[in-house]
Amino acid sequence: MAILNLAPSSMFPLTIDSARRTRVRGSVIKMQKSLITTDHPASHGFSLCTCGRKHFLGEATTPFLPISPSYAAPSTAPPTAPNSTEVLNQLRPPKPDWYFELYGYFRSAGMERYEKEIAVYKRKLFANLVGKAETVLEIGIGAGPNIKYYNNIPNVSVLGVDPNPKMESHARKSAIEAGVKSENFKFIHAVAESMPLEDASVDAVVGSLVMCSVTDIPQTLKEIKRILKPGGLYLFVEHVAAEDGTFLRLVQNVLDPLQQVVADGCHLTRSTEDYLLEAGFKGGVDINKVSLSAFYHLSPHLYGVAYN
């Protein structure tokens with residue numbers, strides 16, 4: 001996923017830093033929310049109806065832009081699913097090499113600001129892998145910005161899945177820089193909805209800014225559960241929709257069609273938390289909510305761990 005850069009200083013004088021943690025074990029869900037700082041009255045009871053504009057944008061842009069709804073439809077995978085290459089070509093039809101190369105360049109060179117701000121949360125999250133995982137599969141590995149967090153794992157082997165074949169060179173470069181041996185890194189050209197791996201074959205799955213752009217979230221989570229060993233971990237970092245009725249949600253609704261075009265199918269208004277809680281991870285899900293300041297329209301973020 002690429003980022004459409006809209007800094008709050010250039011658009012809206014809003015700075016929110018919030019954290020929320022959700023712990024799920026079986027049928028028990030405990031939620032706690034604390035508002036740390038807010039500088040804008042719009043965060044308290046501000047409500048706007050965006051229904052008309054959403055429908056207008058959908059009708060007006062459909063003939064011209066390759067966009068799709070910001071929700072992910074329930075999985076319709078048949079009992080005997082096609083192989084991963086067929087699914088890849090169906091969900092991500094082949095594009096010209098120049099497109100893959102250009103997008104790969106932007107993923108490699110254009111995410112530094114974002115990675116700098118999210119790093120404090122990623123360091124905390126990836127510490128969960130130490131002593132618990134040797135085989136790590138990352139879906140949507142992109143240019144490999146997370147590989148440096150694996151260098152504390154002894155004898156780690158990294159599998160990187162991405163639908164863009166031009167990401168391999170960027171990811172391999174990141175692996176070398178992180179000290180991962182070349183024989184311990186493998187790039188797999190596939191989509192997260194159908195990965196060519198055996199059942200219960202990896203210790204951990206990592207996904208960073210992935211659920212915003214997959215075609216089928218339930219099927220992706222089903223695949224993650226399938227390839228994870230019993231007791232395996234799924235680590236996630238995702239931007240999500242702002243709360244309904246807020247000014248930020250209005251901004252996301254307006255920008256969502258454009259974001260899908262410039263950011264290779266990325267959606268701004270997906271409620272990924274709901275999908276995670278409904279996926280049925282046997283060991284439960286830990287979810288933390290934070291808000292970033294650098295990218296206003298991507299401000300609400302989730303990060304956490306699901307236990308297979």
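1. Tyr234 and Phe281 are both buried, where buried means under 20% relative accessible area, exposed over 50% and partly exposed in between, using a 1.4 Å probe and protein chains only. This is a predicted model, so local features need pLDDT of at least 70 and side-chain atom pairs count only at pLDDT 80 or more, while totals for chains, interfaces and linings use all residues. Residues are numbered from 1 along each chain as its sequence is written, and side-chain values use heavy atoms, leaving out hydrogens and water.

2. Now for the rings: the structure has five aromatic pairs. Rings of Phe, Tyr and Trp (its six-membered ring) pair if their centres lie within 6.5 Å; planes under 30 degrees apart count as stacked, over 60 as edge-to-face and the rest as tilted.

3. Phe126 and Tyr150 are both buried too. Their ring centres are 5.7 Å apart with planes at 75°, so this pair is edge-to-face.

4. The charged end of Lys225 sits over the ring of Phe281, 5.9 Å from its centre (NZ of Lys or CZ of Arg within 6 Å of the ring centre and within 35 degrees of the ring normal).

5. Leaving aside residues up to four places away in sequence, Leu129 touches Val136, Tyr150, Ile153, Ala204, Val206, Leu233 and Leu235, contact being heavy atoms within 4.5 Å.
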